[in-house]
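Here is a short briefing to read alongside the model. Please have the structure open as you go through the points.

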Protein chains: 2
Amino acid sequence: MKVMKAGDVDFAKRGGVIPVVVQDRQTKDVLTLVYANKEALEITIKTGNAWFYSTSRGKLWMKGEESGNVQPVHEILADCDSDALLYIVDSDRPMCHTGERTCFHNIVK
Amino acid sequence: MKVMKAGDVDFAKRGGVIPVVVQDRQTKDVLTLVYANKEALEITIKTGNAWFYSTSRGKLWMKGEESGNVQPVHEILADCDSDALLYIVDSDRPMCHTGERTCFHNIVK
């Protein structure tokens, strides 16, 4: 484990927006795959709640801003080449807009 | 849970290449964030080993083709809007090119 700063995350490599894996701290279920830019990461660190960047709407959003299903972030990790993030969240509220805890509910194989 | 076909995955939405979260079946650790196109998904389903698409090299690759750290895929899930995948793998061999099991070994917060 290496400690790094938010400024060391390589957003530029992927045009300013990188993928974020969100994982439940207790169950370790993978909840969703979303995206963040530098500002979303900085607001997440500052507020302690999961903020993202919507690639379809072209704007920042906080999970739960409409639904109330806010996701407090316990820890943020970056991968070996610093162009993907992992938010570990402390909540039992739905992450998916369908009302399920996880967005990964379609079986391909 | 809904069963879907490989052909139902929405690669087109993101230009033919979508993110893949890889998770350890036993520990539930998130191991890496990589990418796949339709062909990589089809070969993964056919062979049972994790295949991806390298966005930097512009080619298909099998994890372990050089290192020997092949990652057998137990299950493949897609998210609610079918533009991200989750490979659940059965292995205790390193996923990261650094030799660590997981690529997420940098602490941002």
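Let's begin in a loop: Lys28(B) sits between strand 2 (18–24) and strand 3 of chain B, where strands (E, at least two residues) and helices (H or I, at least four residues) are DSSP runs numbered from the N terminus. This is a predicted model, in which local features need pLDDT of at least 70, side-chain atom pairs count only at pLDDT 80 or more, and totals for chains, interfaces and linings use all residues. Residues are numbered from 1 along each chain as its sequence is written, while chains are lettered from A and ligands numbered from 1 in the order in which they are written.

**Backbone angles in the loops**

- Lys28(B) has a positive phi of about 65° although it is not a glycine.
- Most residues other than glycine have a negative phi.
- Lys28(B) counts as partly exposed because it has 14 C-beta neighbours inside 10 Å; a residue is buried with 20 or more other C-beta atoms within 10 Å of its own, exposed with 12 or fewer, and partly exposed in between, the C-beta atoms being placed from the backbone.
- Ser82(A), in the loop between strand 6 and strand 7 (85–89) of chain A, also has a positive phi, near 60°, and is a residue other than glycine.
- With 16 C-beta neighbours inside 10 Å, Ser82(A) is partly exposed as well.

**The fold of chain A**

- Chain A holds 1 helix and 8 strands, and from the N terminus on its elements follow the order β-β-β-α-β-β-β-β-β.
- The radius of gyration of chain A is 13 Å, close to the 13 Å from the globule rule for 109 residues, so the chain is as compact as a globular protein of that length; the radius is taken over C-alpha atoms, and the rule is 2.2 Å times the number of residues to the power 0.38.
- Along the principal axes, the C-alpha atoms of chain A fill a box of roughly 35 × 30 × 30 Å.
- Of the 109 residues in chain A, 37% are buried.
- Among contacts in chain A with a separation of 6 or more, 45% link residues 24 or more positions apart; a contact means that the C-beta atoms, placed from the backbone, lie within 7 Å.

**How the two chains relate**

- The same surface serves both copies, as 100% of the contact residues of chain A recur in chain B.

**The interface**

- 33 residues of chain A are in contact with 33 residues of chain B.
- On the side of chain A that touches chain B, strand 6 of chain A gives the most, with 4 residues.

**A sheet shared by both chains**

- 6 strands form an open sheet of mixed pairing, in the order 1(B)-8(A)-6(B)-7(B)-2(B)-3(B); strands pair if DSSP finds at least two bridges between them.
- The edge strands, each pairing on one side only, are strand 1 (2–3) and strand 3 (30–36) of chain B.
- Strand 8 (residues 106–107) of chain A runs antiparallel to strand 6 (residues 73–78) of chain B, and 2 bridges join them.
- Ile107(A) stands opposite Leu77(B) in strand 6 of chain B.

Key. Two residues are in contact if their C-beta atoms, placed from the backbone, lie within 7 Å.
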